[in-house]
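This report is a first tour of a predicted model. Please look over the sequence and the structure, then read on.

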Amino acid sequence: MKSPIPSRRANPGARRVRAVGWIHLTGLALLTSVVLGLFALTPASAAPAPAPAAPAAPAPASPTFCFATAETACVGGTLRLSASETVGGVDITITAPDGTEETVTTADTGAFNLPVEEEGDYGVVIDEETLPDGVAPTESELTVPVVLGENAIANFQFEREATGADGFSWDQFAQQAASGIRLGLLLAMASIGLSLIYGTTGLSNLAHAELVTMGGMVAFFFSGAAGLGLPLTLGILLTTLVCAAYGWAQDRVLWQPLRRRGLGIIQMMIVTIGLSLAMQYTFQYFVGAGQVRITTSSPETVDIGPVTLTQFSFVAMGISIVVVAGVGYMLLRTRIGRATRAVADNPSLAAASGIDVDKVIRLVWTLAAGLAGLSGVLYALVTNGVKWDTGLQILLLLFAAVTLGGLGTAFGAVVGSMVIGLVVELTNIWLPGDFKYATALLILILILLVRPQGLLGRAERVG
């Protein structure tokens, strides 16, 4: 007579579920390692082989790049008024410990570098007469310690001076407004995907900004001087495709299984925090803590009246407008766009009407990652580089734009991004430094007090 006690082998379904779960987790780990492991081919120094002999007397003009070797070091930095505004044509005098002086001039990107062969404390003095009107350094002289084989960074801070009786000029307003439009368009591309993810899944993806960083890093691998050296246009295209593929695979091996298991939104948000930290420190491990540049050439500037922007800035704004318009057309005029809006409105009703909700959500993840990656490439070109924490710096701006425009609305994200971009840059006229970010959040709070659903969001009954 057989025992009525069931055997552990009598439940193969549970074992299959556990096996599938492990396969998904293993697949995500492998995928992340492959995509981010590309950076292992580009070491932290990210420098080509140095010349056989260092020049005995560097030229007065500042070189675009300087690479530290075992026998040399680099004294340099970048003069920045904001995250998107640099200062070129400024004379910098660097004094060695033995009293020798060299004067370099910042490039259009605000960068200056000088190779040196002696360790010790170097004095770095900025010539205030060569600065633009209305700009002054908080300290005109810095002392930086130099160690051979390393880069010594002189980090000057600036503040705006009053340009008239009320500290305002229309030329400065036009320049800052142009910078704000540029920043708003770049934020719009990334925030559209973030808003669509929230609209279709209810998830606030706190790792979304790391896809912006990933875009810059992958482009550096494809088109950077220390990477494959591909043409910039081809590098941008491949970067967008790689980021989009990563978004597709991320949903396939992680988010879809978690949704099917009924994991709550709070738990999934915690997963996005862990994913964000993992990506940040992976970037830092493989690429280093310093800033890397996709292109080493100094972009030419274009003057339109009182506005001066680089050619990269105009190209980035043009691409952003075309892409945002294309996404809007897709959402309004195509079947997949209508299906996406139906899933965002009511997933259960959309499924009952024959729409494959999982495929729509996977498309949203793919589109969101591709847009974020493209935004990261253009942001790195405009701001002259990308760091491991670039996404972390703009994460708050992305969420402010999405919340201001209305959670889950793609067009609201565009409007919110433009408002945040303009507020952030125009605030520089009156407030120095990073006060502009606090002002953007203050505007967000004030608008939400009047209109809690955001500018284009729908009011909903609570309770």
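## Nonpolar cores

The largest nonpolar core has 79 residues, and the members that touch the most other members are I192, M214, W255 and I420. Helix α9, which spans residues 357–382, supplies the largest share of this core, with 16 residues. There is also a second, separate core of 25 residues, and L81, V90, A96 and V116 are among its members.

## The chain as a whole

The model is a predicted one. Its protein chain contains 12 helices and 13 strands. The chain has 463 residues, and 46% of them are buried. Its accessible surface is about 22400 Å², and carbon and sulfur atoms account for 62% of that area.

Contacts can also be sorted by how far apart the partners are in the sequence. Among contacts in the protein chain with a separation of 6 or more, 71% are between residues 24 or more positions apart.

C243 is part of helix α4, residues 232–260. The relative accessible area of C243 is 0%, so this residue is buried. Leaving aside residues up to four places away in sequence, C243 touches M214, G215, A369, G370 and G373. One of these, M214, is also among the residues that touch the most other members of the largest nonpolar core. From C243 to L371 there are 128 residues in sequence, while their C-alpha atoms are 8.3 Å apart in space.

S320 sits in helix α6, which covers residues 311–333. Is S320 buried or exposed? S320 counts as buried because its relative accessibility is 0%, and the cut-off for buried is under 20%. What does S320 touch, not counting residues up to four places away in sequence? The residues in contact with S320 are L185, L186, M189 and L378.

Strand β6 runs over residues 111–116 and includes A111. The strand is mostly covered, with 5 of its 6 residues buried. For A111 itself the relative accessibility is 8%, so A111 counts as buried.

The partner strand is β1, residues 73–78, which pairs with β6 in the antiparallel sense over 6 bridges. One example is V75, whose bridge partner in β6 is L114. A111 and G77 are 34 residues apart along the chain, and their C-alpha atoms are separated by 5.8 Å. V116, which was named above as a member of the second core, falls at the end of the range 111–116 given for β6.

## An open sheet of four strands

Another group of strands forms an open sheet of 4 strands, in the order β5-β4-β7-β9, and the pairing is antiparallel. Which strands are at the edges? The edge strands are β5 (101–105) and β9 (141–146), each of which pairs on one side only. From one strand to the next, the twist averages 25°.

Inside this order, β4 (residues 91–95) and β7 (residues 120–126) pair in the antiparallel sense over 4 bridges. T95 has G123 as its bridge partner in β7.

## Aromatic pairs

A pair of aromatic rings is described by the distance of the centres and the angle of the planes. The model has 5 aromatic pairs. In one of them, the ring centres of W170 and F173 are 5.6 Å apart and the planes stand at 75°, so this pair is edge-to-face. Both residues lie in helix α2 (residues 170–201), 3 residues apart, which is about one turn of the helix. W170 counts as exposed because its relative accessibility is 63%, whereas F173, with a relative accessible area of 28%, is partly exposed.

Y285 and F286 make another such pair: their ring centres are 5.0 Å apart and their planes are at 80°, so the pair is edge-to-face. With a relative accessibility of 65%, Y285 counts as exposed. F286 has a relative accessibility of 23% and therefore counts as partly exposed.

Notes: Residues are numbered from 1 along each chain as its sequence is written. This is a predicted model: local features need pLDDT of at least 70, side-chain atom pairs count only at pLDDT 80 or more; totals for chains, interfaces and linings use all residues. Side-chain values use heavy atoms; hydrogens and water are left out. Helices (H or I, at least four residues) and strands (E, at least two) are DSSP runs, numbered from the N terminus. Buried means under 20% relative accessible area, exposed over 50%, partly exposed in between (1.4 Å probe, protein chains only). Contact means heavy atoms within 4.5 Å. A nonpolar core is a set of buried Ala, Val, Leu, Ile, Met, Phe, Trp, Tyr and Cys residues joined through side-chain atoms within 4.5 Å. Accessible areas come from the Shrake-Rupley method with a 1.4 Å probe; for residues, only the protein chains shown count as cover. Rings of Phe, Tyr and Trp (its six-membered ring) pair if their centres lie within 6.5 Å; planes under 30 degrees apart count as stacked, over 60 as edge-to-face and the rest as tilted. Two strands pair if DSSP finds at least two bridges between them. Axes are lines fitted to C-alpha atoms, for helices over the stretch in contact, and angles run from 0 to 180 degrees between N-to-C directions.
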